[in-house]
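This briefing is meant for a reader who is meeting the structure for the first time. Please look over the sequence and the model below, then read the points that follow, grouped by topic.

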Amino acid sequence: MTINKMVSKINNSTISQQKRQIEYWGAENQKKLYDSKVLILGSQTLGQMVLGCSAGLGVGNILICDNIRTSKNEYDFLAPNLRGLEGVRKMEMIEENARKINDNIYIKTLHSKLSKGLLKFLDFEPDIVVDTQNNGLLKEESLDYAIKNDIKHISAFSDGRKAIINVYNGKNIDDIINENEINANLYPYMSVSAGVSAGIICDEIRKSIFRMDKTDLPLENKLIYNIESNERNSLKSDINLRNESLKNKKFLVAGAGAIGNYVALNLALSGIENIDILDYDTVEYHNLARQILLYQKIGEKKSKVLANRINEISGCKSRGFDTKLDHNSRDFIKNNNYDLIFGCFDNQNARLNLSNISMELKIPYIDGGTSPSKGSVNSYIPRISSCIKCKKDLKKSEEKVSCQEVPNPSVVIPNIIIGSMMVGEAYQILNENNSSKKIYFESDNKKRIYIGVEGVSKPGCECNNRTGVKTKNGKENSSQEK
């Protein structure tokens, strides 16, 4: 029996689940995704994130191979039932949960390294090979297989803080197999670079299957993402970020939708214990393509579902609050004494209220926003930077009853990238690296990820009235914008 089970047509269930991205690129392109076959090599955090993101995207036929077993020192978000166990095969559990994300596609896992004979026996001829293994010799084998069979090859190394992503172009073999710059054992409790890499990889999968226009080009050069780099795109680490600086902090994830799923997931995978999630919406079928932790929970409250899911993954102490964020939320936020707030809304008024509350209570606030092909991260640091209201020129708008009322096109790719980068910026802020840079992802930009110009304080805004911030030697630094 083969696993070559192609999706022959897009049925009503598929249209409903992929509704938001079909609105963006059309049913014909969605059909191309459903007809495609992707081989994923490696099942650690990066491989699992690529698998989950690909399932949300609607890639129709996915095979993931690895012979790795569970370790007590890591969390498997697609195999939460195996947490704390050691030496257990995890592929079957990964397959079971990945299928729940999208039951319209075919997913198969194999407890095996790449075997050309096995692929032939299974009659699985991939269109794309994605290698997420942190091993240069294994990547050399997969690249050799891809070259000989004229198959697209996408590769990434990731150690949780930094990542290198390459799309084979006939000239960059050394970049693909060179593992010298990545030490995957350094940060076992981090996933930020894996989340960013998974989004970039899935965008490259999509680009190899179809392109939106002539500017929608694949990566030409290797892409580097490093949260320990001031510019975020250099392998040179010029910032020392301590993981323990976040472990005992308390976070509010405001919004349990597309961005909030990946903020909460990355916090949990990083070993953070105290995570509160606030959202008043319920899970609907079309959410599942982007909000991959909400599977099989149609009609239930997003905040409660997401909190329970990340508790299962890492054993953290997450609480879900089924409530709306408005100007009355000030006391709730103050009484809970949060160290940092993540704004994960697609709602102008919620952003405005959160900006005002964070500024009044002097709590760092990281805001994320996305469109189908791009996104950005803005950070507010009390007494250091301008507020989110000024940076994004937020103004009061007509109230919405629910985010479900505005069916804007949306795709999983920018949401996993932005949600992951937001957690990376939290490391910056809570390590007292007073950086409030605006960070962009753009699918049609050659760099993909880059630093933008930070917005400045608007005349009359309270964030203009910043005082100096004391340094370790007791002196004050000027808080004026540079």
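**Salt bridges and charged side chains**

Arg-206 and Asp-203 are both buried, where buried means under 20% relative accessible area, exposed means over 50%, and partly exposed lies in between (1.4 Å probe, protein chains only). The model is a predicted one, in which local features need pLDDT of at least 70 and side-chain atom pairs count only at pLDDT 80 or more, while totals for chains, interfaces and linings use all residues. Residues are numbered from 1 along each chain as its sequence is written, and side-chain values use heavy atoms, with hydrogens and water left out.

- Both Arg-206 and Asp-203 belong to helix H8 (residues 192-209), where they are 3 residues apart, about one turn of the helix; helices (H or I, at least four residues) and strands (E, at least two) are DSSP runs, numbered from the N terminus.
- Their side chains meet in a salt bridge with an N to O distance of 3.1 Å, the term standing for a side-chain nitrogen of Lys or Arg within 4 Å of a carboxyl oxygen of Asp or Glu.
- Side chains of opposite charge can pair when their charged atoms come close.
- A salt bridge also joins the side chains of Arg-351 and Asp-367, at 2.8 Å from N to O.
- Because Arg-351 lies in helix H13 (residues 348-361) and Asp-367 in strand E12 (residues 365-371), this pair ties together parts that are 16 residues apart in sequence.
- Arg-351 is buried, with a relative accessible area of 10%, and Asp-367 is buried as well, at 0% relative accessibility.
- Salt bridges that share partners join Asp-203, Arg-206, Lys-207 and Asp-216 into one network.
- The count of salt bridges comes to 25.
- Lys-116 forms a salt bridge with Asp-144, and the closest N and O atoms of the pair are 3.6 Å apart.
- This pair links distant parts of the chain, with Lys-116 in helix H5 (residues 116-121) and Asp-144 in helix H6 (residues 136-148), 28 residues apart.
- Lys-116 counts as partly exposed, at 45% relative accessibility, and Asp-144 also counts as partly exposed, at 29%.

- In strand E6 (residues 162-167), 6 of the 6 residues are buried, so the strand is largely enclosed by the rest of the structure.
- Both faces of E6 are covered, with Lys-162, Ile-164 and Asn-166 buried on one side and Ala-163, Ile-165 and Val-167 buried on the other.
- Strand E5 (residues 152-158) runs antiparallel to E6 and is joined to it by 5 bridges; two strands pair if DSSP finds at least two bridges between them.
- Ser-155 has Asn-166 in E6 as its bridge partner.
- E5 and E6 form a hairpin with 3 residues between them, and Gly-160 in the turn has a positive phi of about 100°.
- E6 also pairs in the antiparallel sense with strand E7 (residues 223-226), over 4 bridges, and the bridge partner of Ala-163 in E7 is Tyr-225.

**Nonpolar cores and buried residues**

- The largest nonpolar core has 99 residues, of which Phe-342 and Met-421 touch the most other members; such a core is a set of buried Ala, Val, Leu, Ile, Met, Phe, Trp, Tyr and Cys residues joined through side-chain atoms within 4.5 Å.
- Helix H15 (residues 412-430) gives the most to this core, with 12 residues.
- Leaving aside neighbours within four places in sequence, Met-421 is in contact with Val-196, Tyr-225, Val-377, Ile-439, Phe-441 and Ile-449, contact meaning heavy atoms within 4.5 Å.
- Ile-201 is placed in helix H8 and is buried, with a relative accessible area of 0%.
- Not counting residues up to four places away in sequence, Ile-201 touches Leu-46, Val-50, Val-130, Ile-154, Ala-156 and Ile-165.

**Confidence in the model**

- The mean pLDDT of the protein chain is 88, and 90% of its residues reach 70 or more; pLDDT is the predictor's confidence in each residue, from 0 to 100.
- Over residues 1-8 the pLDDT is below 50, and this stretch has 22 contacts in the model beyond near neighbours in sequence.
- Residues 468-482 likewise have pLDDT under 50, and the model has 21 contacts for them beyond four places in sequence.
- Where pLDDT is low, the predicted coordinates should not be read in detail.
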